[in-house]
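I opened a new model today and kept notes on what I looked up. Here is the entry.

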Amino acid sequence: MYRITRTATLKNASVTPKAIGWSTELNKFINDNYNGFNLKVGVEMFGHSCLHWSYETESLAKLEEANARLLQDKKYWAMLDAGKEFWVDGSLKDTIVMVVD
């Protein structure tokens, strides 16, 4: 099992409500249109204002499959483009963790 997490640092706290609204729309789109995803989103409580997306997958092959589909999805890219106003350029970070227990 693998846990995939993406974080994005928000430009400032004032964009947090709009960023949360946008991110829940993105989650709904992915979960409704990509079978097997159970994408979750959260907001960091202390420290930096960040959004965190995460989901789990059984194999890295399934991750590759999902990425290949997302790369071709024009609506997904349009949604990402609409949300880029919320985060600090260069702050996106992806982490893949092998779940051992």
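**Ground rules.** I am working with a predicted model, where local features need pLDDT of at least 70, side-chain atom pairs count only at pLDDT 80 or more, and totals for chains, interfaces and linings use all residues. Residues are numbered from 1 along each chain as its sequence is written, and side-chain values use heavy atoms, with hydrogens and water left out.

**Fold.** I looked up the secondary structure and found three helices and four strands in the protein chain. I took helices (H or I, at least four residues) and strands (E, at least two) as DSSP runs, numbered from the N terminus. The order along the sequence is β-α-β-β-α-α-β. The radius of gyration is 14 Å, close to the 13 Å that the globule rule gives for 101 residues, so the chain is as compact as a globular protein of that length. That radius is taken over C-alpha atoms, and the rule is 2.2 Å times the number of residues to the power 0.38. Along its principal axes, the C-alpha trace spans about 40 × 35 × 20 Å.

I counted a contact as heavy atoms within 4.5 Å. Of the contacts with a separation of 6 or more, 73% join residues 24 or more positions apart. I then checked burial: 33% of the 101 residues count as buried. Buried means under 20% relative accessible area, exposed over 50%, and partly exposed in between (1.4 Å probe, protein chains only).

**Core.** Which residues have the most contacts inside the largest nonpolar core? I noted Trp22, Leu26, Ile30, Phe37, Trp53, Tyr55 and Tyr76, in a core of 24 residues. Such a core is a set of buried Ala, Val, Leu, Ile, Met, Phe, Trp, Tyr and Cys residues joined through side-chain atoms within 4.5 Å. Strand S1 (2-9), helix H1 (16-33), strand S3 (50-57), helix H2 (60-71) and helix H3 (74-83) each supply at least two of its residues. H1 gives the most, with five. I also listed what Tyr55 touches beyond four places in sequence; among them are Tyr2, Ile4, Phe37 and Leu63.

**Two single residues.** Is Thr7 buried or exposed? Thr7 counts as buried, at 17% relative accessibility. Thr7 sits in strand S1. Leaving out residues up to four places away, Thr7 touches Leu51, His52, Ser91, Leu92 and Lys93.

Gly36 is in the loop between H1 and strand S2 (40-43). Gly36 counts as exposed, because its relative accessibility is 63%. I found 8.4 Å between the C-alpha atoms of Gly36 and Thr57, which are 21 residues apart along the chain.
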